[in-house]
Amino acid sequence: MADTAEDVHMTEEKVEEEQQEQEYDLDKIKLLPGASEDGTAASFQIIDEDHTLGNALRYIIMKNPEVEFCGYSIPHPSENKLNIRIQTYGNISAVEALHQGLDNLSELCTVIEDKFSEKIEAGGYKTTEP
Amino acid sequence: MSDNTIVGIEYNRVTNTSSTDFPGHQANGDYSWDIEKFKDSFEINISHITERTANFDLIHIDTSIANAFRRIMISEVPSVAAEAVYMFMNTSVIQDEVLAHRIGLIPLKVDPDLLNWVDKTQDENDRYTEDNTIVLSLDVVCTKNPHAPKNSTDPKELYRNAHVYAKDLKFEPQGTQVESFKNSPVVPSDPDILLAKLRPGQEISLRAHCVLGIGADHAKFSPVATASYRLMPTIDIIEPIRGDSAKRFQQCFPSGVIDINSNGEAYVKDSRKDTVSREVLRHEEFDGKVKLGRKRDHFIFNVESTGAMSPEEIFFKSVRVLKNKADYLRNCPIGQ
C-alpha cells in the first residue's frame, strides 16, 4: 500500500511539472490569406494534423447553428498540413466558431470516456469470445 | 427511428450515405450541437471484452468521431517496440537487417505509461536513458545434441537452440527499472514467434533497445492488430415470406440472422450477425420483398490488441488522445 501512495504522489508531481512545462507551438495553427475583413469567414492551416482531427472538427463546427459553412482539406498527401475553412452567418467570428468547435469536441470526448468507464465498471459483458 | 439514419443497400448501389444532421440542412428538427442531448442519446453496448479482443457498439454518434477513434487506435496510441538493435555476433543465415526488422515487429508486454518519450533533440549518446529505454538481449549458440535419438531427422532433437523464438529475448532492467518493473518484467506478448533458425556453430548475440513510438511512425508501434468498425445491418421484410420461399430466404443470410416462426413465416432474428453479402438481392423471388440497410450512427467496433495493453485501455487512450488534440489546439495562438 505504501508503494501505491508513493506512486500517486509521484504522478501528481509529474503532472504538475508537465503543466508548467506545457508550451504551445506557435506554428501549430495559422490564418491563411482569404479571410473576410470582419473575420466572419476565414481559413486556417493546422500543422501535423490529418483527417482524424480534420473531419471530427469539421463535423462539430458544422453542428454550430451560427456557422454557414465549414470544410476541410489536406492540400497535399505528403505534406502534414490541414486546411480548414469556416464561414459564419455573422454573429460570431470564424475564430470563435473554431474555438467553440474545439471546446465541444473536448466535451464530447469527456462524455464518451465517462460513459465507457461506466459500462466497464457495470460489467455484465462476456469475457470470452463467443 | 426515421429512415434518415439508414444507409440503403441496393443491388448495385448504396443510397443516403452522408449525414444530414446539421442545422439548416433539413426543414424541421433542431440539429445544433447540444452536449446534454448527446449525453442522453449516446449509447455504448459492450458485447465482449477478453484479454486480447473487444467488441462494443457506439450508438448515436457520427462517423467522423467514430472514425477518429479508429484512426487514433491504429496510429496514435503509443506503445513500445524495439527501435535499435546492436549486433555483436550473427553467424546465422538470416541477415542482420532482416533479423533486426523481425525483432522490431515483436509485440512486447510493456505498460507504455512506465516509459518517457525519447528526446530526439538530444545527442545520440545521451538520448537513451533508463526512463525511456528498455534493453532486451538475445544470446543463443546452437550446438549439437549429444543425446539425440539415433536416426532422428528432427532439428529440434538433433541440435540445441536450433530455433530462436521471441521468448529467448531476455529483459535486462537498467538502474531503477529493477524496482519499477519488478512486478511486470518485460516479455514478448507472444512467446512463440520464430525469429531465426540456427545450425551447430552458428550464433546470435545482440542487444535491442526498445522505446515509445506511435503507429503513424512505424506499424510496429501500433498497439492494435486490428481496430475496425462496421455499421449495424438492418433487414426489413416488406412483404411476408412463407413456406419454402422462407427457407430459401433464410439460406441467403448467415446462420442465425433469419428464423422461421410457427406459421412458416420468415422473420429477422438477429440482424447484427448479417454480413450484408446482398445474396438475397440476387434472387428474383425476393424482389421488392426485402430492404437491406445499415444504421449510419450505429458502429460495431472490433478492437484486437497486440498484448501490451487491454483493448478497452486502447480505446480509452484513443478518446484521451482526441481530447488532448482539441484542448491543445484550443490553447495554441493563431499565427498569421
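**Exercise 1. Find the domains of chain B.**

Chain B is divided into domain 1 (3-76 + 226-238 + 289-301) and domain 2 (79-221). These bounds come from an automatic or database domain assignment. The C-alpha centres of the two domains lie 42 Å apart.

Some ground rules follow. This is a predicted model: local features need pLDDT of at least 70, side-chain atom pairs count only at pLDDT 80 or more, and totals for chains, interfaces and linings use all residues. Residues are numbered from 1 along each chain as its sequence is written, while chains are lettered from A and ligands numbered from 1 in the order in which they are written.

**Exercise 2. Describe the side of chain A that touches chain B.**

Step 1: count. 46 residues of chain A are in contact with 41 residues of chain B (contact: C-beta atoms, placed from the backbone, within 7 Å).

Step 2: find the main element. α3(A) gives the largest share, 18 residues (helices are DSSP runs of H or I, at least four residues; strands are runs of E, at least two; both are numbered from the N terminus).

**Exercise 3. How do α2(A) and α2(B) pack?**

Step 1: get distance and angle. Their axes come within 8 Å and cross at roughly 165°. Axes are lines fitted to C-alpha atoms, for helices over the stretch in contact, and angles run from 0 to 180 degrees between N-to-C directions.

Step 2: classify. α2(A) and α2(B) are therefore roughly antiparallel (over 145 degrees; under 35 is roughly parallel, 65 to 115 roughly perpendicular, the rest oblique).

Step 3: list contacts. Tyr59(A) of α2(A) and Ile72(B) of α2(B) are among the residues that make the contact.

Terms used
Contact = placed C-beta atoms within 7 Å.
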